[in-house]
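Biologist: Could you walk me through this model one feature at a time? I would like the general idea first and then the case at hand.

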Amino acid sequence: MLMYCRQVLVTLILLLTCASVYADNEAAGQPAQTPPAADSLHQITQSLIKANYREKAEIAEQMAAVGSDRSLIILKTFLDGNLYYRKDDNTILIVVDEDNIRDAFTDQPVEGLGRRDKRKIGVNNSLRGTLRSLISQAQINSKNVQLRLEAATNLLKNSEDVDVAFVEAALSKEDNKEIKRILSLVKGLILLQSDSAEARMAALTSFEGSLYPEIRAALIQFMRGFSEQEKASRAGEYKLAQATLDDIESMLRLNGYAENLYFGLALGAVLLLAAIGLAITFGVMGVINMAHGEMIMLGAYTTYVVQQLMPDHIGLSLVVSVPAAFLVSGAVGVAIERGVIRHLYGRPLETLLATFGISLILQQAVRSIFSPLNRQVASPDWMSGTFMLNPALELTWNRLYIIIFSLLVLAVLALVLKRTLFGLQMRAVTMNRPMASSMGIRTGWVDALTFGLGSGIAGIAGVALSQLTNVGPNLGQAYIIDSFMVVVFGGVGNLWGTLVAAMSLGVANKIIEPMAGAVLAKILVLVFIILFIQKRPRGLFALKGRAADNS
Amino acid sequence: MNKSGFKSLSKVSKVLATATLAAGISLANAADTIKVGVLHSLSGTMAISETTLKDTVLMMVEEQNKKGGLLGKKLEPVVVDPASNWPLFAEKTRELLEKEKVDVIFGCWTSVSRKSVLPVIEELNGLLFYPVQYEGEESSYNVFYTGAAPNQQAIPAVDYLMNDVGVKRWVLAGTDYVYPRTTNKILESYLKSKGVAEKDIMINYTPFGHSDWQTIVSDIKKFGSSGVKTAVVSTINGDANVPFYKELANQGVSAEDIPVVAFSVGEEELSGFDTAPLVGHLAAWNYFMSAPTDANDDFIADWHEFIKDDERVTNDPMEATYIGFNMWAKAVEKAGTTDVDKVESAMIGIEVPNLTGGMAKMNKNHHLSKPVLIGEIQEDGQFDIVWETDGVVPGDAWTDYLPESKNLISDWTAPINCGNYNTKTKTCGGSMATAE
């Protein structure tokens, strides 16, 4: 069903682009295609069947040279890997999905084809590059701004495929500022290779302040091409190139710091999500819950199940998963508390062992029910890709959402603790159990619900993590150590401490990582925490209460 | 690992073992079944990969029994669960050999589990078929390696990228343990021998199960944006691949810009997630499910029937298990007995069909000769085979690209009869002491 969704989307996009291209050709006043051209396109396309990858690239160029809207549709289908042929009569087919197969030329539906009756026309990486470049050259005249922008960005990558006249023609028609800027960069890249010193100087000037990686790459290559004598004889060019490059590098460095900070916050958000639940069960109740990771895992599996139930609404399924995961993990948490932990209060070692046992049981249960293989949880479209601030600083959407989500969860939890009756009772029990009990609070049930709350929040973390990592039986193990680290560092029983600890550990990790590598970064952070705990055994923010008194 | 220690010990113990085994053989002959041990983790972290191989062995045993078994006896599988726990691998091996008296063991996935089994299987003179690609630098009398050695996977993949794709800058990214470290050491020295400069190689290690790839992907992006074609050679293990590829896609790194060639990503790993953003990234194996041969179609059909699920995929370690099992069956028939020493000498030179066409041959060094394929990931989680070696590549137990092993060879036939024979000093295991 997932496949189906995607296919529908692809069709839609295809139809839209076809429509716009068609409209453009009309508008540009291109002569209508004469029938012989269509026939030759037919023949050219057919020769793809027997060609090897190198020949296919040449054939694709011939197809693009035909320049009709049909040839563009076929090239796009080819790029998406949806171009097939029928084995018995070599009819070229566009396969949108198994139920929607069309003849590539007549657009008539073709029915009754089995899996083995058709064969795909293969496409590999270098061919994909060629196709993308060809399609961009055709699309640079499209009416759709988004398509033109995409085409221009692609041309930047494949500037060697086009000539100055082509870019200038596109430039003269263009009125969008952003696209104009990119096209002039493309022009610069071409001119940089020219024989005229003047043109090269003009190209170098046009590069000023551009953060596109292609420009930096071209500058580096350009400067590498200078021999020692040339450095003297063409000193003006060399110096300008050097200055432009230095300028770009320093801006890139600045962006690099910003990017690192973002990475750190994103990692911190994940740590925060994983640790928040533990801040309740371990921090407030003082239960060393080794099964905390498995609560996260259950949340992730809940997301998977919800998504299986509503396969056509991936985005909505994520929203539904949040309360569902909270309930599932929360219910399991309450059951664990009532069944096991209740009997072990005040015996931390036994609690640790018992919950560790529970974690193994839960893992194996999941393995038996869902198989040991990882499950696929799809990401909605709005969670993939990047949010581009500038060409050198792109923020990934999924991390951005998770940062916001983690803060939201923290805020809601803080509200529950501060503003609800349950929160009040919970705090009362934490601070002084006999007193709370004598005021008529059923401390046993408050314990169970508190544990359920902590577990439920772990479940919510699972929903978020299902978007970042594997949904498998071992998901929880990867986060249990980190969670304890954050809670202990932040100060047991303190939500704000957890927030500060998660974010600072995330950022610290990401600052060290580029210098020391991922393995050493993790070790250094651990060493730092050990030293810190020596100095301040109660973490960043110590809290008075049952947990604090016991320690 | 101390090879020389093992060797001298195993020689002594082999004399003892043959004596004690005489009793064992008569016992085994008296029994009316041939016991096949299956040593794959069915629980714990490695269950994800190893359960499939357990099922593959069971399928092969069932099929062999349909054909009437071996030497007129039925095969009886003995399945144990070492639970992804390395010391338990050694204990379970001892149990299989001493208590169950199995005639052969198919098992292990990670190198550390194999290293844990090694002393036991050498002491008790058992027989192990190891079906997974590994870092090489080992050859035991008691083990047959049916997975790829580095020269059957990593080096052809690098050759392909260098010659056919024109890659000039290299990122060697791996998980921090023995297989990636050794493979990357070999690759680094190989690349340098091909004239790649130090500054054009970036090596990066990450912890097991690493899930936060933001910085590394961003670094790779920067490393790859100098205008020279860049590729990533990934020895990232198992689960960590999914978040790695997700991050690559999210940060907009496509296979056309920076292709990633992986040695641990196969059909099974891909069946766990949405492959659309991965299309075009590469993998090097000796087998792909998409291989267009009749033998492969039959194998897939048999597998679907056995596992009763048409969606299940097949992968390279399954083919290695298939080859290993068929070779063992053929060797037992040739030797006329399941006695380890006789089967071992019958094994060498045996040929069985590959699933990708052609024949796999067992060499004197207990490694296979088989073809190497490069595939590009497709939308449906399958691989499109874009390149393959001409003919077969013989597995090299000791790589020629590391100074400590370049003079070593393995040859288990007379007169050398040694797993680490030094061709310079003409001694067995002589150089190991100085090399390590």
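Biologist: Is B:E138 buried or exposed?

Modeller: We call a residue buried under 20% relative accessible area, exposed over 50% and partly exposed in between (1.4 Å probe, protein chains only). With a relative accessibility of 0%, B:E138 counts as buried. Before we go on: this is a predicted model, where local features need pLDDT of at least 70 and side-chain atom pairs pLDDT 80 or more, while totals for chains, interfaces and linings use all residues. Residues are numbered from 1 along each chain as its sequence is written, chains are lettered from A and ligands numbered from 1 in the order written, and side-chain values use heavy atoms, leaving out hydrogens and water.

Biologist: With which residue does B:E138 form a salt bridge?

Modeller: For a salt bridge, look for a side-chain nitrogen of Lys or Arg within 4 Å of a carboxyl oxygen of Asp or Glu. Here the partner of B:E138 is B:K115, and the closest N and O atoms are 2.6 Å apart. B:E138 sits in the loop between strand 4 (128-130) and strand 5 (143-145) of chain B, and B:K115 in helix 4 (111-123) of that chain, so the pair ties together parts 23 residues apart in sequence. Helices (H or I, at least four residues) and strands (E, at least two) are DSSP runs numbered from the N terminus. B:K115 is partly exposed, at 26% relative accessible area. Elsewhere, salt bridges that share partners join A:R399, A:K510, A:E513, B:D212 and B:E247 into one network.

Biologist: How many salt bridges are there over all chains?

Modeller: The count is 37. One of them pairs the side chains of A:R433 and A:D447, with N to O at 3.0 Å. A:R433 belongs to helix 18 (433-438) and A:D447 to helix 19 (443-465) of chain A, so this pair links parts 14 residues apart in sequence. A:D447 is buried at 4% relative accessible area, whereas A:R433 is partly exposed at 25%.

Biologist: Let us turn to the interface. What area is buried between chain B and chain A?

Modeller: The size of an interface is often given as the accessible area lost when the parts come together. Buried area is that loss (1.4 Å probe), summed over both parts. Between chain B and chain A the value is about 4100 Å², and carbon and sulfur atoms give 43% of it. In chain B, B:Q214, B:N250 and B:E256 lose the most area to chain A, together 16% of what that side buries. The contact (heavy atoms within 4.5 Å) takes 51 residues from chain B and 54 from chain A.

Biologist: How many salt bridges are counted between chain B and chain A?

Modeller: There are 8, including the one between A:K157 and B:D257, at 3.6 Å from N to O. The interface also has 17 residue pairs in polar contact, both residues being at pLDDT 80 or more. A polar contact is a pair of N or O atoms within 3.5 Å; within protein, one must be able to donate a hydrogen and the other to accept it, and residues adjacent in sequence count only if both atoms are side-chain atoms.

Biologist: Which helix of chain B gives the most residues to the side that touches chain A?

Modeller: Helix 7 of chain B does, with 6 residues.

Methods: Buried area = accessible area lost by both parts, 1.4 Å probe.
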